[in-house]
Amino acid sequence: MSRTVNCAKLGQELEGLDFQPFPGPLGKKVFETISKEAWKQWLAQQTILINEYRLSSLDQKAQNFLKEEMQKFLFGGEEIDLPEAYQSVE
């Protein structure tokens, strides 16, 4: 039987992650409160940010930017700063 969490992003009881995605307190918080579906959504957004802004995973500034955007997306209820090409026209 899979583990379930009350997903902080989607507001539902859903299947949880199989393992902590990265070390430290934030990784533990993600593991304990984020569903597989919400994490999948974040990974898609992260890929857009990495590709469009040409971020390097070795660059500390890029790592910090992605960490901040991840926290906004998963826990802040905020929209993340997508590149112009991905922003919807209203």
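## Close-ups of rings and helices

**View 1. Phe73 is a buried ring**. Its relative accessibility is 9%, and buried means under 20% relative accessible area, exposed over 50% and partly exposed in between, with a 1.4 Å probe and protein chains only. This is a predicted model, in which local features need pLDDT of at least 70 and side-chain atom pairs count only at pLDDT 80 or more, while totals for chains, interfaces and linings use all residues. Residues are numbered from 1 along each chain as its sequence is written, and side-chain values use heavy atoms, leaving out hydrogens and water. Look for the charged end of Lys9 as well: this end sits over the ring of Phe73, 4.0 Å from the ring centre (NZ of Lys or CZ of Arg within 6 Å of the centre and within 35 degrees of the ring normal).

**View 2. Trp42 and Phe73 form a tilted pair**. The structure holds three aromatic pairs (rings of Phe, Tyr and Trp, the last by its six-membered ring, with centres within 6.5 Å; planes under 30 degrees apart are stacked, over 60 edge-to-face, the rest tilted). Here the centres are 5.8 Å apart and the planes stand at 45 degrees, so the pair is tilted. Trp42 belongs to helix 2 (residues 36-53) and Phe73 to helix 3 (residues 60-76), 31 residues apart; helices are DSSP runs of H or I with at least four residues, and strands are runs of E with at least two, numbered from the N terminus. Trp42 is buried, at a relative accessible area of 1%.

View 3. Tyr53 is partly exposed at 38% relative accessibility, and Phe65 is partly exposed at 24%.

**View 4. Helix 1 packs against helix 3**. The axes of helix 1 (residues 24-33) and helix 3 are 12 Å apart, at an angle of about 25 degrees (lines fitted to C-alpha atoms over the stretch in contact, with angles from 0 to 180 degrees between N-to-C directions). That makes the two helices roughly parallel (under 35 degrees; over 145 is roughly antiparallel, 65 to 115 roughly perpendicular, the rest oblique). Among the residues in contact are Leu26 and Lys29 of helix 1, and Leu74 and Phe75 of helix 3 (heavy atoms within 4.5 Å). Lys29 also lies over the face of Phe75, 4.2 Å from the ring centre.
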